[in-house]
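Please check each one against the display as you go.

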Amino acid sequence: MALTNGAQRGVGFAVIASLGRLIAFIPMIAVSALGMGLILSASGVVFTAVKFVGAAYLIYLGVKILRSSSQGRRQHGRGTDPHIGASILA
């Protein structure tokens, strides 16, 4: 949204709009964090459950990304590129 505002109306408008969204999101983030903090501090079982659910979700995302990247290489007839990551090693 900020990119669209910046492209259509200028950088100044995009900055002002972004600050407005930030001001609106701060209370929502604070209330969410406090509520989750209270729930997690009240119950060790809930805290452990949230940790396991979060770990399972991260594993799911990782597997999904790995599957989609390998399928993409097969569909486009590309194998592994030896130059990928070369700039990291250099």
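**Notes on a predicted model**

1. Of the 90 residues in the chain, buried residues make up 4%, and this should be read with the reminder that the model is predicted. The accessible surface of the chain comes to about 7700 Å², and carbon and sulfur atoms account for 73% of that area.

2. The secondary structure consists of four helices and zero strands, so that, because helices and strands are taken as DSSP runs, the pattern read along the sequence is α-α-α-α.

3. Helix H2 covers residues 11-42, and its length can be checked: at 1.5 Å a residue, its 32 residues should span 46 Å, and the end C-alpha atoms lie 45 Å apart, which agrees.

4. Which residues of H2 are buried? They are Ala14, Ala17 and Leu40. On the surface, Val11, Val15, Leu19, Leu22 and Ile26 form a nonpolar patch, with about 470 Å² of accessible area together.

5. Serine 68 belongs to helix H3, which takes in residues 44-75. With a relative accessibility of 44%, serine 68 is partly exposed, because the value falls between the limits of 20% and 50%. The side chain of serine 68 also reaches the backbone oxygen of isoleucine 65, at 3.0 Å.

Methods. Residues numbered from 1 in each chain as written. Predicted model: local features only at pLDDT ≥ 70, side-chain atom pairs only at ≥ 80, totals over all residues. Heavy atoms only, no water. Patch = residues over 30% accessible without salt bridge, like charges linked within 9 Å, V, L, I, M, F, W, Y side chains within 5 Å. Areas by Shrake-Rupley, 256 points an atom, 1.4 Å probe, with all protein chains shown as cover. Salt bridge = Lys/Arg side-chain N within 4 Å of Asp/Glu carboxyl O. Helix = DSSP H or I, 4+ residues; strand = E, 2+ residues; numbered from the N terminus. Buried < 20%, exposed > 50% of the residue type's maximum accessible area, 1.4 Å probe, protein only. Expected span 1.5 Å × (residues − 1). Polar contact = N/O pair within 3.5 Å; in protein donor to acceptor, adjacent residues only side chain to side chain.
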